[in-house]
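Please explain how this structure surrounds one of its ligands, and how aromatic rings pair within the protein.

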Amino acid sequence: GKVRKPTNFICTISDDRGEEATYCGVPISEVIEKGLTIADVIGLLWFKRKFPTWASNFIDMVIRVVADHGPAVAGAHNVKVTARAGKDLMSSLATGILAIGPRFGGAIDGAAKYFKMAYEKNMLPHEFVEYMKNVEKIPIPGIGHRVKSTKNPDKRVELLKDYARRNFPKVELLDYALEVEKVTTSKKENLILNVDGTIGVLLVDLFKTIGYSNEEIDNMIEAGAFNAFFVLGRSIGFIGHYLDEKRLDMPLYRHPTDDILYDVKRPEGV
Ligand code: ACO
Ligand code: LMR
């Protein structure tokens, strides 16, 4: 019989060998003819499935609401400084992406992981808050914001929650996270369920509803698949900030020394 040479790589998402490439079996021309959206393409290439319309519209909304949050946030600031150092688009964009992490934009996976775990273990909201403080000893991913609070609510969060309530068949983890938020905001008004947290718990609700098992969701979170939505969406804003710097022809940035506390001491014996 036929002996197949062992291959170095395996690909299960796209195929470029025919007349035209396919996204998970769907030719690109069909993607265009059938009017598939960016969210549909994400469904095919990241998750190898066609999302139902309510889910696809949610993904599209996530990308749009996280696209930018002004120049002051960690990632955009990096992009602007790098662009002003004369670097190219790829380098400037990369510095922005590299700032995405557990405190900024990259708390989506963590929020999904811990809220899901707590819900599955039937932890009461206050027990979860205590657990994160005393056992995990980390801030609850998806809770807290530098400028948003109960007095200055995050409109993005309102939009996402509102959409999910009206269109998701169920929002169990969102409801649980909102009970946790009641506990945290009773301590401090900025300890709201933030945009990362809202996306994280709603993605768990979404994937559960479309038939993913708990283990499959845990594996996706482990792989960083939920933070990927922020990386993709915020890249739109990062590219905007890079182009803005070039358009404005801004000079090299040097941070003002009067905004730095210099506290340098010469070690003894040197
Ligand atoms: N869970 C529990 N307690 C918290 C949390 C949290 N997530 N965040 C802050 N606190 C507490 C701190 O322990 C601290 O308590 P203390 O005054 O008793 O010491 C107090 O609130 C202030 O903490 P700071 O870290 O100074 O708060 P800040 O407002 O600077 O932090 C931040 C904002 C970084 C977002 C923080 O809330 C956090 O780390 N949250 C978790 C990570 C997260 O979700 N990041 C995504 C934000 S949204 C985005 O980037 C798109
Ligand atoms: C963001 O989307 O970048 C923010 O929520 C973070 C911030 O501090 O505004």
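The paragraphs below turn to the ligand site and then to the aromatic pairs.

This is a predicted model, in which local features need pLDDT of at least 70 and side-chain atom pairs count only at pLDDT 80 or more, while totals for chains, interfaces and linings use all residues. Residues are numbered from 1 along each chain as its sequence is written, chains are lettered from A and ligands numbered from 1 in the order in which they are written, and side-chain values use heavy atoms, with hydrogens and water left out.

Ligand 2 is surrounded by H69, V73, F104, H145, R156 and R234, where a residue is near if one of its heavy atoms lies within 4 Å. By class, this shell holds two nonpolar, two polar and two charged residues. An oxygen atom of ligand 2 is 2.7 Å from an N or O atom in the side chain of H145; for the side chain of R156, the distance from a ligand oxygen to an N or O atom is 2.7 Å, and for that of R234 it is 2.7 Å. Of the 270 Å² of accessible area that ligand 2 has on its own, the protein covers 82%, as given by the Shrake-Rupley method with a 1.4 Å probe.

Among the rings of Phe, Tyr and Trp (its six-membered ring), which pair if their centres lie within 6.5 Å, the count comes to 16 aromatic pairs. One of them joins F128 and Y176, with 6.4 Å centre to centre and 45° between the planes, and is tilted, planes under 30 degrees apart counting as stacked, over 60 as edge-to-face and the rest as tilted. This pair links distant parts of the chain, since F128 lies in helix α7 (residues 125–136) and Y176 in helix α9 (residues 172–187), 48 residues apart; helices here are DSSP runs (H or I, at least four residues), numbered from the N terminus.

Technical notes. Polar contact = N/O pair within 3.5 Å; in protein donor to acceptor, adjacent residues only side chain to side chain. Nonpolar A, V, L, I, M, F, W, Y, C, P; charged D, E, K, R; others polar. Helix = DSSP H or I, 4+ residues; strand = E, 2+ residues; numbered from the N terminus.
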